[in-house]
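This report describes selected contacts between residues, helices and chains. Please consult the sequence and structure shown below while reading.

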Amino acid sequence: MTAVIDASALVAFCLNEEGLDREKFKEHLRNGVISIELIKAESANAILVAKRRLTIDEKIAKLSLGSMLEISLTNIKMIPQDDELTSDAFELGSQNNLALYDLLYLSLAMRINGTLLSKDESQIKLAKKLGIKVEDILKIDAVAGN
Amino acid sequence: MSVVSVKVSDKTKKEMEEFKEKIEWPSEIRGFIEGRLEQAKREETVERVERVLSGLPKVKTGTASRLVREDRDSGH
């Protein structure tokens, strides 16, 4: 089953975030994952904001951005964000408060009967409610809250 | 297009002939080679990127999802 990757998961990997099970995540990248072009802009913006807030310095921001773009090019198959996907996401939006951007990834997962790779709790919660299998990419100690 | 030759045993060659109506060998072999190359590229990228990223200082859990969430909830 192919995994749909959300920007939150890709950014967590590229910022070397604590609590992410990098081995599991890399296995997904090796197998190839699916997403929409939006992921590049969302991920780049998150890295930019992290730099502006001095969470990371400029050098790290550039390395993170470069890695994100490289992964996007080679490891992520980008599916066109067509009208059907947008309409499906819009429909999902009538049942919850999540942004359309969240829902585009979920609509894609539903369309291809794929799983979801995300670090966003609200998105994960809705995915489960919709019957989308969510991949576990948290380290065990992070799940336990240690 | 370039030509790639592969040696197989006489037995395999004979069996390939037997199944040539059922299996379109050129496209199957092309597909396999292309798929394997894509796999190798993905693996190489993961190794290269991880060498860079694993050396970076870690950010706190939840940083990425918070940054993405703020952006989405502000309507991009």
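Helices (H or I, at least four residues) and strands (E, at least two) are DSSP runs, numbered from the N terminus. The model is a predicted one, in which local features need pLDDT of at least 70 and side-chain atom pairs count only at pLDDT 80 or more, while totals for chains, interfaces and linings use all residues. Residues are numbered from 1 along each chain as its sequence is written, and chains are lettered from A and ligands numbered from 1 in the order in which they are written.

**One residue of chain A**

A:Lys51 belongs to helix 3 (residues 38-52) of chain A. Leaving aside residues up to four places away in sequence, A:Lys51 touches A:Ile56, A:Glu58 and A:Ala61; contact requires that the C-beta atoms of two residues, placed from the backbone, lie within 7 Å. A:Ala61 is ten residues from A:Lys51 in sequence, and their C-alpha atoms are 6.2 Å apart in space.

**Two helix pairs**

The table compares the two pairs by their axes, which are lines fitted to C-alpha atoms, for helices over the stretch in contact; angles run from 0 to 180 degrees between N-to-C directions.

| Helix pair | Angle | Axes |
|---|---|---|
| Helix 4 (residues 58-74) of chain A and helix 2 (residues 25-53) of chain B | about 170° | 10 Å apart |
| Helix 6 of chain A and helix 7 (residues 121-129) of chain A | roughly 35° | within 11 Å |

The angle of about 170° makes helix 4 of chain A roughly antiparallel to helix 2 of chain B (a term for angles over 145 degrees). Among the residues that meet here are A:Leu63, A:Ser67 and A:Ile71 of helix 4 of chain A, and B:Thr45, B:Val49 and B:Leu53 of helix 2 of chain B.

In the pair within chain A, A:Asp102, A:Leu106 and A:Ala109 of helix 6 meet A:Gln123, A:Leu126 and A:Ala127 of helix 7.

**The contact between the chains**

Chain A has 34 residues in contact with 25 residues of chain B. On the side of chain A that touches chain B, the largest share, six residues, comes from helix 4 of chain A. By class, this side has 16 nonpolar, nine polar and nine charged residues. Ala, Val, Leu, Ile, Met, Phe, Trp, Tyr, Cys and Pro count as nonpolar, Asp, Glu, Lys and Arg as charged, and the others, Gly among them, as polar.

Key:
Parallel < 35°, antiparallel > 145°, perpendicular 65-115°, else oblique.
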